[in-house]
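Here's a quick briefing to read with the model open beside you. Have a look around, then we'll go through it topic by topic.

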Amino acid sequence: MLNRVAALGKATLDSVAGAGAAFFMLMRALVGKPQLRKSWPLLMQQMYSVGVLSLLIIVVSGLFIGMVLGLQGYTILVDFGAEQSLGPMVALSLLRELGPVVTALLFAGRAGSALTAEIGLMKATEQLSSLEMMGVDPLRRVISPRFWAGFYSMPILALVFSAVGIYGGYLVGVRWLGVDDGAFWSVMQSNVEWGQDILNGVIKSLVFAFVVTWIALHKGYQCTPTSVGISRATTSTVVTASLAVLGLDFVLTALMFG
Amino acid sequence: MRQVENSALDDALVVIDNLHFAHSFGAHQVYQNLSMRVPRGKITAVMGPSGIGKTTLLRLIGAQLYPQQGSIEFAGHNVHQLNRRDLYELRKRMSMLFQSGALFTDMTVYDNIAFPLREHSQLPEEIIDTIVKMKLEAVGLRGARDLMPAELSGGMARRAALARAIALDPELILYDEPFAGQDPISMGVIVKLIKELNESLGLTSIVVTHDIAEVMTIADYVYILADKQVVGHGTPAQLKQSDDPLIHQFLHGEADGPVPFHYKAATLEDDLLGSDHA
Amino acid sequence: MESRNTQLAVGLFVIIGILALLFLGLKAANTNVLTNGETYKLFAKFDNIGGLKERSPVKVGGVVVGRVSKISLVGDYYEPLVEMTISKEYNEFSDTTSVSILTSGLLGEQYIGLNPGFIDDTVEMLEDGDYIYDTKSALVLEDLIGQFLFGQGND
């Protein structure tokens with residue numbers, strides 16, 4: 001019995017220490033005077049590998065999810081003779097929920113795991129230690145550009161996802177199932193609000209971007225520098241980041257639309 | 001002989017005093033009462049059986065790890081009491097050759113060697129170019145400058161890493177197992193490079209290794225670590241004549257002796273017959 | 001050269017993001033009434049607001065001119081008070097203007113219909129914070145049925 005209590009205590013201490021370490025890692029990576037000349041090319045490089053390379057999966061998934069929404073929505077709405085509400089249904093689901101959330105989940109799987117593995121590997125091959133011994137702070141040099149790249153990329157990806165998804169819904173609803181073209185867009189327009197829907201979606205994806213990138217970087221930076229350690233850290237990134245996104249989504253939705 | 005030792009002790013670049021270090025909250029004691037002096041401009045070898053924490057010692061000197069007690073001074077500064085900025089400043093004066101080479105995998109060999117220069121000096125690109133080519137020439141890899149680290153053999157990677165380590169002309173180089181896993185030829189090349197660089201650049205070198213034969217030929221002074229502390233030190237010649245059984249065992253590579261062949265365990269009879277359960 | 005290509009790709013990436021935002025903003029979202037443009041407020045008391053909600057549209061002849069910004073109960077008798085935010089573009093309503101709560105379609109949402117009153121020298125224009133007194137409440141289905149049955153009985 002006492003052992004269990006002790007184990008619980010140790011687990012608590014470990015997780016508090018882990019959270020503290022993650023917090024300090026981020027603080028040290030982000031605080032301090034930025035050196036634009038040096039960090040700009042690094043940021044570009046990371047924007048490329050984190051953002052541009054994730055574009056394809058985002059576009060394809062967005063298109064298909066939009067098409068499925070169009071199809072499912074139509075079959076339900078047509079029973080009530082309300083198929084003209086297909087536009088707002090597709091647009092609102094994407095802008096408020098699916099755009100930010102699915103983008104964040106895909107991002108965690110595509111870019112987050114890659115970030116963790118890359119940093120874990122840099123740790124295992126002593127590249128991070130080597131930077132430190134050269135008098136270059138690995139947090140500033142390695143962590144910081146990757147963090148900002150993730151933070152900037154994800155909202156862009158989420159917007160692309162929503163836009164492509166709406167187009168997918170349009171393809172299925174209007175082109176295939178014959179919902180009226182004008183009604184599709186005009187009913188959508190009268191129900192979708194800039195501030196309420198688009199902006200809140202962007203805010204959501206900024207929050208997710210922060211959390212997912214942070215988790216991915218922290219898991220990589222703290223991983224045990226062995227092949228087993230790296231693979232565990234990568235798995236852990238995807239699991240933790242996905243759960244965090246879904247949990248936070250509920251909280252944010254409650255705050256924004258509740 | 002005594003005179004040589006005294007002058008070496010007077011002009012020490014790195015002084016380790018009474019060091020205690022344990023990993024993860026004292027679970028595993030690595031050093032107890034470790035003291036060491038590294039003479040300036042010389043090659044000092046640190047030897048010991050594997051698993052003794054020789055790499056840990058280098059990380060302590062570079063202040064990547066902090067000891068529980070004791071101090072390490074580099075050129076008169078206690079490295080563990082510097083603030084972050086001063087420590088990073090001080091690290092520019094030392095460099096470390098990691099066991100794996102630790103070349104940055106996303107850059108060419110050329111960019112790897114230019115990296116510390118671009119990071120820390122405001123030199124124009126033409127001068128950096130000249131320096132990089134000279135450093136590559138020194139390790140014989142000028143022709144390999146456009147290769148990626150993944151395309152290099154183990155020995156070449158280590159030489160490239162060595163070129164990067166001397167890019168900023170440091171005062172101290174820490175070599176972490178420079179000979180491990182090398183074929184005889186590249187081992188010979190690295191031995192030669194360490195010796196030559198030390199002489200031509202006036203460096204101080206600390207070589208951590210367990211390849212005795214190689215390091216004994218170039219080292220000016222040798223420390224042997226075992227059982228959490230220094231068990232013997234002296235010039236290679238002194239050590240060879242030592243009659244300490246531990247030193248003798250280590251230098252001649254005997255399987256059993258003061259360092260036992262068996263990991264700590266109950267006696268075989270107890271283990272097999274299960275005396276606990278009897 | 002490699003870094004130039006990288007920059008180019010990232011630049012395109014950002015442009016695609018901006019295009020997506022423009023598409024969403026212009027094609028998908030409502031751009032007619034900018035809620036953050038210049039607006040003024042009008043108030044109206046109703047007996048019953050039915051299914052009216054905050055953010056429901058305020059229309060004149062079917063054209064959206066503003067939105068319901070707040071619904072509250074006021075006074076000793078807890079009368080519903082509706083606050084409407086109207087675009088400054090339409091600031092020439094006279095104080096004879098009436099409001100009613102209407103329904104778009106059979107099952108549609110409820111909205112507020114503004115009927116602009118007549119204008120001559122004797123009437124004043126509504127300004128920010130004014131009340132509209134001529135109000136018609138929402139139709140409640142049960143009341144309608146009740147009236148219908150009552151009317152039938154009288155015949």
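At what angle do helix 6 and helix 7 of chain A pack, and how far apart are their axes? The angle is about 145°, and the axes are 10 Å apart. Keep in mind that this is a predicted model.

**Chain A overall**

- Chain A has 9 helices and 0 strands, so its run of elements from the N terminus reads α-α-α-α-α-α-α-α-α by the DSSP assignment.
- Of the 258 residues in chain A, 49% are buried.
- Take the contacts in chain A between residues at least 6 apart in sequence: 85% of them join residues at least 24 apart.

**Helix 6 against helix 7 in chain A**

- Helix 6 covers residues 138–176 and helix 7 covers residues 181–191.
- The crossing of helix 6 of chain A with helix 7 of chain A is right-handed.
- On the helix 6 side you'll find A:Ile166, A:Gly169, A:Tyr170 and A:Val174, and they meet A:Asp181, A:Phe184, A:Trp185 and A:Met188 of helix 7.
- Sorted by type, the residues of this contact come out as 6 nonpolar, 1 polar and 1 charged.

**A buried asparagine in chain A**

- A:Asn200 sits in helix 8 of chain A, which spans residues 194–222.
- Is A:Asn200 buried or exposed? A:Asn200 counts as buried because its relative accessibility is 13%, and the cut-off for buried is under 20%.
- Setting aside neighbours within four places in sequence, A:Asn200 is in contact with A:Gly195, A:Met256 and A:Phe257.

**How the chains meet**

- Chains B and C share no contact, and their closest C-alpha atoms lie 12 Å apart.
- Where chain A meets chain B, 17 residues from chain A and 26 residues from chain B take part.
- About 1,900 Å² is buried between chain A and chain B, with carbon and sulfur atoms giving 50% of that area.
- Which residues of chain A lose the most area to chain B? They are A:Glu126, A:Met133 and A:Met134, together 38% of what the chain A side buries.

**Chain C in brief**

- Chain C comes to 2 helices and 8 strands, in the order α-β-β-β-β-β-β-β-β-α from the N terminus.
- Buried residues make up 33% of the 155 residues of chain C.
- Among contacts in chain C between residues at least 6 apart in sequence, 62% join residues at least 24 apart.

- Helix 4 of chain B (residues 109–120) is mostly covered, with 9 of its 12 residues buried.
- Among the buried ones are B:Tyr110, B:Ile113, B:Phe115 and B:Leu117, and also B:Asn112 and B:Glu119.
- B:Ser121 is in the loop between helix 4 and helix 5 of chain B, and B:Ser121 is buried at 16% relative accessible area.
- From there, the side chain of B:Ser121 reaches back to the backbone oxygen of B:Leu117, at 2.6 Å.

**Ser95 of chain B**

- B:Ser95 belongs to strand 6 of chain B, residues 94–97, and is buried with a relative accessible area of 9%.
- Beyond residues up to four places away in sequence, B:Ser95 touches B:Ala165, B:Pro170, B:Leu172, B:Ile173 and B:Leu174.
- A polar atom of the B:Ser95 side chain lies 2.8 Å from the backbone oxygen of B:Ala165.

**Positive phi in chain B**

- Most residues other than glycine have a negative phi.
- B:Asn33, in strand 2 of chain B, has a positive phi near 60° and is partly exposed at 44% relative accessible area.
- B:Ala75 has a positive phi near 50°, sits in the loop between strand 4 and strand 5 of chain B, and is partly exposed at 25%.

Technical notes:
Residues are numbered from 1 along each chain as its sequence is written. Chains are lettered from A and ligands numbered from 1 in the order in which they are written. This is a predicted model: local features need pLDDT of at least 70, side-chain atom pairs count only at pLDDT 80 or more; totals for chains, interfaces and linings use all residues. Side-chain values use heavy atoms; hydrogens and water are left out. Helices (H or I, at least four residues) and strands (E, at least two) are DSSP runs, numbered from the N terminus. Buried means under 20% relative accessible area, exposed over 50%, partly exposed in between (1.4 Å probe, protein chains only). Contact means heavy atoms within 4.5 Å. A polar contact is a pair of N or O atoms within 3.5 Å; within protein, one must be able to donate a hydrogen and the other to accept it, and residues adjacent in sequence count only if both atoms are side-chain atoms. Axes are lines fitted to C-alpha atoms, for helices over the stretch in contact, and angles run from 0 to 180 degrees between N-to-C directions. A crossing is left-handed if the near helix is turned anticlockwise from the far one by less than a right angle, and right-handed if clockwise. Ala, Val, Leu, Ile, Met, Phe, Trp, Tyr, Cys and Pro count as nonpolar, Asp, Glu, Lys and Arg as charged, and the others, Gly among them, as polar. Buried area is the accessible area (1.4 Å probe) that two parts lose on being put together, summed over both.
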